[in-house]
Amino acid sequence: MGTRLYFYLSFFFLSFFCFDLQPTLAKFPTYNVIIINALPDEALLDLRCRSKDDDLGHHTLAFRQSYSWRFRVNFLGSTLFYCSFNWIHGHLTFDAFDNRNPKLRGACGFGDERVCLWTSSGDSVYLKDHGTGTIVLKNNWEH
């Protein structure tokens, strides 16, 4: 039994290092999420974004300041990042990226340009749809 296990593990590691991994990595694309504070009266935006595995921490953005992070979709294709936004006139929690949501994933773009661009404003939070080039109202503030 030990010899057979050794053989399978050796084969796995050799195949991992000997075969071209580029097609495999293409199945797990990289995304960049960008959040921009465009709140009125130069209000501060407090935010916290996380996934099941990663807590990106608390951040406070000044007017026109941005926060971003990059990630690769996980092996199961279940990558989900959600964010909580707070400012003096409201708060909300929403999915900043959900690989299982084709509309949201598509809005972030395809190919080499996969960017989820979120902008907070006085009335709501908007997402730039890279497929259509339009800005889409996504979430209204809760008071």
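Trainee: How many salt bridges does a search of the whole structure find?

Mentor: First, a word on what we are viewing: this is a predicted model, where local features need pLDDT of at least 70, side-chain atom pairs count only at pLDDT 80 or more, and totals for chains, interfaces and linings use all residues. Residues are numbered from 1 along each chain as its sequence is written, and side-chain values use heavy atoms, leaving out hydrogens and water. A salt bridge is a side-chain nitrogen of Lys or Arg within 4 Å of a carboxyl oxygen of Asp or Glu. With that rule, the search of the whole structure gives a count of one.

Trainee: Which residue forms a salt bridge with Asp55?

Mentor: Asp55 is partly exposed at 42% relative accessibility; buried means under 20% relative accessible area, exposed over 50%, and partly exposed in between, using a 1.4 Å probe and protein chains only. The closest N and O atoms of the pair are 2.2 Å apart, and the partner is Arg48.

Trainee: In what order do the five strands of the open sheet lie?

Mentor: Strands are DSSP runs (E, at least two residues), as helices are (H or I, at least four), numbered from the N terminus. Two strands pair if DSSP finds at least two bridges between them. In this open sheet the pairing is mixed, and the order is E4-E1-E7-E8-E9. The edge strands, each pairing on one side only, are E4 (66-72) and E9 (134-140).

Trainee: Which residues touch the most other members of the largest nonpolar core?

Mentor: A nonpolar core is a set of buried Ala, Val, Leu, Ile, Met, Phe, Trp, Tyr and Cys residues joined through side-chain atoms within 4.5 Å. The largest one has 29 residues, and those touching the most other members are Val33, Ile35, Trp69, Phe85 and Trp118. Elements giving two or more residues to this core include E1, E4, helix H3 (102-107) and E7.

Trainee: What share of the chain is buried?

Mentor: The chain has three helices and nine strands. Of its 143 residues, the buried share is 35%.
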